[in-house]
Amino acid sequence: MNGGVLSGNDGKSQTNSRHQDYSIPPLQTTPLGSARSSNASLQDEVDALLRERLDLHSQLFEAAQIQRKLSGSRELRQGCLQFSSEVFAVRFLSGDFTMFSQNGSRVLAVHGDIAGKGVAAGMWFTNLAGLLQSYGRPDSDPAAIASEVNRHLCYLRPVAPFVTAFLAQIDCDLGELTYCNAGHFPPILLRADGRIELLQMGGGPLLGAIESAEFHSGKLALEPGDTLVAYSDGVLECCDPSGEEFGTERLITAVEHAKQPSAHATLMMLLAAVQDFANGSPGCDDVSLTVIQRDAECSDVEQYLPQGLVDTPRQ
């Protein structure tokens with residue numbers, strides 16, 4: 001072997017077959033018409049995806065409106081009692097729900113939370129709203145309502161989600177409140193003299209968990225100036241920029257300082273306290289509040305104010 005040259009059998013030298021070819025290959029070009037066609041096809045796909053996204057958003061918005069209509073009006077006044085509720089969904093449809101129904105001087109208020117969030121929870125809300133309309137009559141015992149809803153959800157296991165709910169029947173003439181807490185966070189009762197009570201006596205487990213579960217009702221009297229606040233875990237778990245949760249103690253403090261002449265104004269003050277604490281941090285769960293408030297004084301003039309459900313739609 002000499003310098004990469006091989007001697008063949010015929011005596012002629014041959015170049016090493018390992019020799020690299022460093023010549024530049026000819027440039028492959030795409031016809032101008034093909035490039036334009038490819039770009040147009042890509043743009044068509046992008047436009048189609050945008051149309052699908054807008055259509056999906058439109059359908060979700062429509063579903064959210066139906067959910068709010070099924071929940072009923074957000075405000076109610078009967079005699080010296082005021083009721084107000086708001087639900088704020090973190091993903092279009094909410095797993096939290098609030099409902100008011102009325103029959104004469106009796107009002108049934110329901111505040112609850114369906115396990116999960118978004119579309120799945122919103123779909124189950126429709127089923128739950130139907131159950132509450134079927135069994136949740138204002139003159140029914142809250143424990144009996146909870147028992148019927150629990151039986152139905154257990155029948156649908158394992159498809160049906162777990163549900164927590166606070167159900168309260170109020171005799172607005174007497175100020176008597178009968179309630180059942182089915183696995184929900186205990187509502188906060190602010191007495192007119194500043195005392196705080198948590199409603200933990202009557203109730204049972206969350207709905208849809210135990211088919212043979214027993215539910216019991218508790219009772220209390222709403223005195224003039226008393227305020228009752230029900231809330232969801234989205235309120236307690238609201239975080240500030242450092243990741244610290246709002247928590248029960250802050251909520252109790254907020255309730256003590258939020259009292260306003262109207263239930264809706266009190267609710268807005270509570271919501272403002274939560275939002276100020278979050279300081280712009282995005283929410284991770286649905287937020288809902290229900291406020292039941294008895295006027296400190298009920299004059300004869302107030303007896304002639306409009307009574308019943310307010311037709312203001314939920315925002």
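## A buried phenylalanine

Phe277 counts as buried, at 14% relative accessibility. Here buried means under 20% relative accessible area, exposed means over 50%, and partly exposed lies in between (1.4 Å probe, protein chains only).

The model is predicted: local features need pLDDT of at least 70, side-chain atom pairs count only at pLDDT 80 or more, and totals for chains, interfaces and linings use all residues. Residues are numbered from 1 along each chain as its sequence is written, and side-chain values use heavy atoms, with hydrogens and water left out.

## Overall make-up

The protein has 315 residues, and buried residues make up 42% of them. Its secondary structure comes to 6 helices and 15 strands; these are DSSP runs, numbered from the N terminus (helices: H or I, at least four residues; strands: E, at least two).

Contact means heavy atoms within 4.5 Å. Among contacts between residues at least 6 apart in sequence, 71% join residues at least 24 apart.

## The nonpolar cores

A nonpolar core is a set of buried Ala, Val, Leu, Ile, Met, Phe, Trp, Tyr and Cys residues joined through side-chain atoms within 4.5 Å. The largest one holds 25 residues, of which Phe97, Leu128, Leu132, Val149, Leu207 and Phe215 touch the most other members. At least two residues of this core come from each of strand E5 (96–103), strand E6 (106–114), helix H2 (118–135), helix H3 (142–155), strand E7 (163–171) and strand E8 (176–182). H2 gives the most, with 6 residues.

Leu132 is in contact with Phe97, Met99, Val110, Ile145, Val149 and Leu167, leaving aside its neighbours within four places in sequence. A second, separate core has 23 residues, including Ile188, Cys238, Val274 and Leu289.

## Aromatic pairs

Rings of Phe, Tyr and Trp (its six-membered ring) pair if their centres lie within 6.5 Å; planes under 30 degrees apart count as stacked, over 60 as edge-to-face and the rest as tilted. By this rule the count comes to 5 aromatic pairs. Phe166 and Tyr179 form a tilted pair, with 5.9 Å from centre to centre and 35° between the planes. Phe166 lies in strand E7 and Tyr179 in strand E8, so the pair ties together parts that are 13 residues apart in sequence. Phe166 and Tyr179 are both buried.

Phe277 belongs to another pair: its ring centre and that of Phe246 are 5.3 Å apart and the planes are at 70°, so the pair is edge-to-face. This pair links distant parts of the chain, 31 residues apart: Phe246 is in the loop between helix H4 (233–236) and helix H5 (247–258), and Phe277 is in helix H6 (residues 263–278). Phe246 is buried, with a relative accessible area of 4%.

## Helix packing

Two packed helices are described by the angle between their axes and the distance between the axes. Axes are lines fitted to C-alpha atoms, for helices over the stretch in contact, and angles run from 0 to 180 degrees between N-to-C directions. Angles under 35 degrees count as roughly parallel, over 145 as roughly antiparallel, 65 to 115 as roughly perpendicular and the rest as oblique.

H5 and H6 pack at an angle of about 140°, with their axes 9 Å apart, and are therefore oblique to each other. On the H5 side, Arg250, Ala254, Val255 and Ala258 meet Thr266, Met269, Leu270, Ala273 and Phe277 of H6. The axes of H2 and H3 cross at roughly 140° and come within 10 Å, so H2 and H3 are also oblique to each other. Asn127, Leu128, Leu131, Leu132 and Tyr135 of H2 make the contact with Ile145, Glu148, Val149, Arg151, His152 and Leu153 of H3.

## Loop residues

Ser140 lies in the loop between H2 and H3 and counts as buried, at 10% relative accessibility. Not counting residues up to four places away in sequence, Ser140 touches Tyr135, Ile145 and Gln169. Glu211, in the loop between strand E11 (203–204) and strand E12 (218–221), is exposed, with a relative accessible area of 54%. The C-alpha atoms of Glu211 and Cys154 are separated by 5.6 Å, although these residues are 57 residues apart along the chain. Leaving aside its neighbours within four places in sequence, Glu211 is in contact with Asn150, Cys154 and Arg157.

The peptide bond from Arg157 to Pro158 is cis, with omega near 0°, and Pro158 is placed in the loop between H3 and E7. Asn279 is not a glycine, yet has a positive phi of about 55°. Asn279 is found in the loop between H6 and strand E14 (287–294) and counts as exposed, at 57% relative accessibility.
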